[in-house]
Amino acid sequence: GLGDVYKRQSSMPSYEEYCEEIKELWASHWLTNMGTKHKELQRSLEDYLDVPHIALYTNGHLALENAIAALNLPEGGEVITTPFTFASTTHAIVRNGLIPVFCDIKEDDYTIDTEKLELLINDNTVAIVPVHVYGNMCDVEEIDRIAKKYGLKVIYDAAHAFGVKYKGVSSAYFGDAAMFSFHATKVFNTIEGGCVCFKDDAWVQLLNDMKNFGIHGPESVQYVGGNAKMNEFQAAMGICNLRHLNDEIAKRKKVVERYRSRLEGVDGIKLSVVQDNVESNYAYFPVVFDGYKYTRNEVFEKLAEVGIGARKYFFPLTNSFECYRNYPTAGTEKTPVAQHMALRVLTLPLYADLTLDEVDRICDVILGD
């Protein structure tokens with residue numbers, strides 16, 4: 001039945017492979033605090049993502065919060081970002097005592113609109129936190145140009161862009177830092193988890209201290225740090241999943257190609273542009289219902305009735321959240337394109353083990369009478 005076709009099914013190694021990987025933890029009893037699995041995963045990811053340094057985290061949100069904190073930006077500074085994202089992005093800015101300024105997005109790939117970005121810069125602007133969306137990359141060259149021109153820091157929320165490359169360069173390499181999420185739903189997961197990728201050697205010690213209560217040495221606490229360490233069981237899951245990652249992405253690509261073959265060119269259905277020079281990870285399959293015979297919400301309900309969990313992702317926009325109601329920068333009227341998309345977008349089920357027959361059945365529901 002269709003009831004088993006969910007929006008998100010986590011990629012996992014075989015039970016035997018994971019058990020084999022964690023076996024030595026019973027010998028060492030070293031379960032957390034940067035043990036052997038942690039170090040192995042860190043090295044493997046630095047290699048895979050082709051980046052000088054990685055700090056591993058227990059989740060992507062704390063990774064982003066720490067990366068922003070590491071920049072040591074002036075309290076109350078403005079950070080230009082996008083509202084077309086998950087709550088975490090905006091929260092990480094605000095929890096660092098900074099003010100989010102919301103820039104609208106591009107209609108074709110849903111990333112931050114660099115033509116509008118420069119207009120939002122003023123004397124209070126301290127950084128830019130752009131978001132790669134659904135595996136689509138931001139205009140990294142233009143963002144870099146703008147940042148250099150105004151002396152701004154750039155931290156990419158790359159939660160959706162693990163393994164993505166632009167002109168052969170890893171998404172992990174752009175900006176002052178890039179954050180990845182390794183949440184269970186992502187292309188690559190460590191159950192929960194995340195990382196910060198960066199080039200500055202000084203950040204190795206800084207981020208390690210910050211994610212471990214600011215403890216710099218046995219009797220020295222230099223920062224008001226938190227606790228955000230990735231444990232050995234998470235790292236072991238990552239080590240296993242990394243072995244299978246290229247296969248997983250290849251399977252996802254087949255699913256995406258089938259969706260495209262069924263839904264492309266249908267009146268009132270708009271699919272994300274396939275970006276030039278970008279090697280995708282096929283993380284999500286967003287469909288925008290704009291002038292279609294059914295509204296987004298109707299399609300959502302039709303799918304739900306037969307047990308298919310599509311997702312209104314991203315909806316609502318972060319600049320419309322209750323918690324930001326009193327922020328002078330909030331309000332969806334300032335980001336009309338993002339609001340238009342948020343009201344019309346649905347991400348369809350997409351995971352490696354989704355069969356092409358299931359994709360067809362999902363498309364039949366969307367296209368049927």
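Because the model is predicted, local features need pLDDT of at least 70 and side-chain atom pairs count only at pLDDT 80 or more, whereas totals for chains, interfaces and linings use all residues. Residues are numbered from 1 along each chain as its sequence is written, and side-chain values use heavy atoms, with hydrogens and water left out.

**Pockets**

- The largest pocket holds about 530 Å³ of space, where a pocket is an open set of points on a 1 Å grid over the protein atoms alone, with protein on both sides within 12 Å along at least five of seven lines, and where a volume is the space filled by probe spheres set on points joined across faces, edges and corners.
- Its lining is made up of 28 residues, of which G135, V278, E279, S280 and Y282 are the closest to the centre; a lining residue has an atom within 4 Å of a point.
- At least two lining residues of the largest pocket come from each of α2 (36–49), α8, β13 (278–279) and β14 (285–289), and α8 gives the most, with six residues; helices (H or I, at least four residues) and strands (E, at least two) are DSSP runs numbered from the N terminus.
- Sorted by class, the lining of the largest pocket has 15 nonpolar, eight polar and five charged residues, with Ala, Val, Leu, Ile, Met, Phe, Trp, Tyr, Cys and Pro counted as nonpolar, Asp, Glu, Lys and Arg as charged, and the others, Gly among them, as polar.
- The second largest pocket has a volume of about 330 Å³, and of the 24 residues that line it, F86, S88, A159, S181 and K186 are the closest to its centre.
- To the lining of the second largest pocket, α3 (60–70), α4 (87–94) and β8 (177–181) each supply at least two residues, and this lining divides into seven nonpolar, twelve polar and five charged residues.

**Cavities**

- Two cavities of 30 Å³ or more are found in a search of the whole structure, a cavity being a set of grid points where a 1.4 Å probe fits but cannot get out.
- The second largest cavity contains about 40 Å³ of space, and its lining consists of A159, H160, F162, S181, K186, V187, F188, N281 and A283.
- Five nonpolar, three polar and one charged residues make up the lining of this second largest cavity.

**Helix contacts**

- Helix α8 (residues 232–263) packs against helix α11 (residues 356–367) at an angle of about 30°, with the axes 10 Å apart; axes are lines fitted to C-alpha atoms, for helices over the stretch in contact, and angles run from 0 to 180 degrees between N-to-C directions.
- That angle makes α8 roughly parallel to α11, because angles under 35 degrees count as roughly parallel, over 145 as roughly antiparallel, 65 to 115 as roughly perpendicular and the rest as oblique.
- In the contact between these helices, defined by heavy atoms within 4.5 Å, K254, V255, R258, Y259, R262 and L263 of α8 meet L356, V359, D360, I362, C363, D364, I366 and L367 of α11.
- The residues of the contact of α8 with α11 comprise nine nonpolar, no polar and five charged.
- The axes of α3 and α4 come within 9 Å and cross at roughly 35°, and the contact is made by H61, L64, E65 and I68 of α3 together with S88, T89, H91, A92 and I93 of α4.
- In the contact of α3 with α4 there are four nonpolar, four polar and one charged residues.
- Helix α1 (residues 15–28) and α2 pack at an angle of about 140°, with their axes 10 Å apart, which makes α1 oblique to α2.
- E21, E24 and L25 of α1 and T36, K37 and E40 of α2 form this contact, which has one nonpolar, one polar and four charged residues.

**Backbone sites**

- Most residues other than glycine have a negative phi, and most peptide bonds are trans.
- M34, in the loop between α1 and α2, is not a glycine and yet has a positive phi of about 55°.
- A cis peptide bond with omega of about 20° joins Y313 and F314, and F314 lies in the loop between α9 (296–305) and α10 (336–342).
- The peptide bond from F315 to P316 is cis, with omega near -10°, and P316 is found in the loop between α9 and α10.
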